[in-house]
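I'll jot down each thing I look up, one entry at a time.

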Amino acid sequence: MTRTRFAPSPTGYMHVGNLRTALYEYLIAKSQNGKFVVRIEDTDQGRYVEGAEDIIFRTLKTAGLIHDEGPDIGGPYGPYIQSQRRQIYMDAANHLIESGWAYRCFCAKERLDALHEQDAYAKYDRRCLAVGPTESLARAERGEPYVIRQRVPEGVTNVHDEVYGDVTVNNDEIEDQILIKSDGLPTYNFANVVDDHYMDITHVLRGSEYISSAPKYNLLYNAFGWKIPAYVHLPLITDGEGAKLSKRKGGAASFEDLMEQGFLPEAIINYIALLGWSPGDNREFFTLPELADAFDIRGISKSPSVFDLKKLAWMNGEYIKKMPPDEFYKLALPVLSKAVIRPMDMRKLAAMAQTRVEFVKDTAGLIDFIDNLPEYSTELYVNKKMKTTEEISLRSLSAVREKLKDTPWSKPEVPNSEALHDLLLATAEELGLKNGQVLWPVRIAVSGRQATPCGAAEILHMLGRDESVARIEAGIDKLTRTDAVRPCNS
RNA sequence: GGCCCGUUGGUCAAGCGGUUAAGACACGGCCCUUUCACGGCUGUAACAGGGGUUCAAUUCCCCUACGGGUCACCA
């Protein structure tokens, strides 16, 4: 049975590269009726971050990547936390010592550091390989500190990767790497191999930065006589400057960052699924089940891709538009009620905003003119396409003001926006103006904006007569004043 | 520096010997619209370079250039 695993180390946040790896692991498992396992790789006690595991589980849950086994839910292959498996690694390493594929190394850190000082790329000189088994054991039992190193044989090692194909390296490129550290805990490379084997992992996914250590893994699998899993190395996600995506610049390297910026989890998942993988056709909107259905390892590309926030933003907007109005309303309500104090039909405001925003939070900026008329310049009244000038605007506004004042606007017969719309059009006809020549100035006067999420009539309706008239009068005032001032300037 | 990997428009990408080299984002234009947005139509824009192989190379091979990765008692 297909079994994949997500094996993060608890560093405190979920990098999008990691998230994509988790996603693909999930998709492979789900598409093949397999299991998706989460394992925590905390063998570096120096780097442990409190609460980091919670972030991992929360992120997976929010993203919808539900795991079948893991430290939080258990499973038949536990424990799923590496720090609780130290004996397993130690036993495995000792087994390798017995079979001659590993040896204890008693070299002092200082000596090795000195070696690296001479040559930064120097490999371990294998001095302790010469220590005989009896002496090695005796020294270990005497309490002398040591690490356990892998003994790399002569020859070449071939690695088969599902994405990159076959890669062959000469074994003299490979160092006798440390398997067990002097604190008794395994290194990442060793723990990975041991765990993946004991947990029956069939597909090992990881970033392509690990492809150069894959030969070491194979050597270990062979030393143990274990079956080598399918490797699926994933191309890097970069930031546009060619470097690995990192937190410092845009501040959007992690799932949490993106969520904070207002991206929807579905949109994030959809977008990153398409970074480095293509379904082969032109579809680009996928739910998680649809992804599982369409996913195919052969669609994974080899070259790195740039994380494009703009495209993600577009996709986020698409997700917002597709959302049922009720759902959008629920998300937008907190934003709306903060941006508009005046009693309003929030549901209606939400509906107006929904097709116009890429982020829920942007609804605020769309409707904040409702509470307070923003400061605006009379230049807004001049619109070429609408054929408006300040003079025409003044005429229109004055006429509309008179009409509104005469319109009964007491509670029972508050005109609806259609009635108001008719009223505005009628005004235009009476003045011998085009519709836009009335509608445009009214919008400007009551909103102070040249772009609003709804038309002039709706705004009048929302604001009510008194406020509408007041704003129109303010507009008239502005236009009158500039008319008066202009001659003095020239 | 050694080793490994990669290179199709600004970005994501399809292509898997013969194509007018898709599509999407972004950008420009037009239409729709009382504004904006949506939607529709449309435009600009790419096979890193050089050698082979072949009747035919974006597709296969080699070299060069460029980019990236990796060489820890970190993962």
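Predicted model: local features only at pLDDT ≥ 70, side-chain atom pairs only at ≥ 80, totals over all residues.

Lys311 is partly exposed, with a relative accessible area of 39%.

**Entry 1: the partner of Lys311.** I looked up what the side chain of Lys311 pairs with, and found a salt bridge to Glu284, at 3.8 Å from N to O. The pair ties together distant parts of the chain, 27 residues apart: Glu284 sits in the loop between helix H9 (265–273) and helix H10 (288–294), while Lys311 belongs to helix H11 (residues 309–322). Glu284 is partly exposed too, with a relative accessible area of 28%.

**Entry 2: another pair, within H11.** I stayed with H11 and found Lys321 and Glu318, both in that helix, 3 residues apart, or about one turn. They form a salt bridge whose closest N and O atoms are 3.0 Å apart. Lys321 comes out as partly exposed, at a relative accessible area of 40%.

**Entry 3: Arg471, buried or exposed?** I checked Arg471 and got buried, because its relative accessible area is 2% and the cut-off for buried is under 20%. Its side chain meets that of Glu467 in a salt bridge of 2.7 Å, N to O. Glu467 is partly exposed, with a relative accessible area of 23%. I also noted a network elsewhere in my list: Arg5, Arg39, Glu41, Arg85, Asp195 and Asp196 are joined by salt bridges that share partners. For the whole structure, I wrote down 25 salt bridges.

**Entry 4: helix H17.** I wanted to know how the length of H17 (residues 435–447) compares with what its residue count predicts. At 1.5 Å a residue, its 13 residues should span 18 Å, and the end C-alpha atoms are 18 Å apart, so the two agree. How many of its 13 residues are buried? I got 12, so I put H17 down as mostly covered. Among the buried ones are Trp440, Pro441, Arg443 and Ser447.

**Entry 5: what H17 packs on.** I followed H17 to helix H15 (residues 390–406): the two pack at an angle of about 80°, with axes 9 Å apart. That angle makes H15 roughly perpendicular to H17. From H15, the residues in the contact are Ile392, Ser393, Ser396, Leu397 and Val400; they meet Gln437, Val438, Pro441, Val442 and Ala445 of H17. Sorted by class, I have 7 nonpolar, 3 polar and no charged residues there.

**Entry 6: H3 against H6.** Next I looked at helix H3 (residues 86–98) and helix H6 (residues 188–198), whose axes come within 10 Å and cross at roughly 100°. This pair is roughly perpendicular as well, because angles from 65 to 115 degrees count that way. H3 brings Ile88, Tyr89, Ala92, Ala93 and Leu96, and H6 brings Phe190, Ala191, Val194, Asp195 and Tyr198. My class count is 9 nonpolar, no polar and 1 charged. Asp195 is also on my list for the salt-bridge network.

**Entry 7: helix H7.** H7 (residues 214–224) is mostly covered, with 9 of its 11 residues buried. Those buried include Tyr217, Asn218, Tyr221 and Phe224. Gly225 follows the helix, and its phi is positive, near 80°.

**Entry 8: Thr21.** I found Thr21 in helix H1 (residues 16–31). At 9% relative accessibility it counts as buried. What does Thr21 touch, not counting residues up to four places away in sequence? I noted Leu205, Arg206 and Leu234.

**Entry 9: Lys181.** My last stop was Lys181, in the loop between strand S7 (178–180) and H6. Lys181 is partly exposed, with a relative accessible area of 23%. Leaving aside neighbours within four places in sequence, I have Lys181 in contact with Thr43, Asp44, Tyr146, Val147, Pro186 and Thr187. I also looked up its separation from Ile272: 91 residues in sequence, and 36 Å in space from C-alpha to C-alpha.

Notes: Residues numbered from 1 in each chain as written. Chains lettered and ligands numbered in written order. Heavy atoms only, no water. Salt bridge = Lys/Arg side-chain N within 4 Å of Asp/Glu carboxyl O. Helix = DSSP H or I, 4+ residues; strand = E, 2+ residues; numbered from the N terminus. Buried < 20%, exposed > 50% of the residue type's maximum accessible area, 1.4 Å probe, protein only. Expected span 1.5 Å × (residues − 1). Axes fitted to C-alpha atoms, helices over the stretch in contact; angles between N-to-C directions. Parallel < 35°, antiparallel > 145°, perpendicular 65-115°, else oblique. Contact = heavy atoms within 4.5 Å. Nonpolar A, V, L, I, M, F, W, Y, C, P; charged D, E, K, R; others polar.
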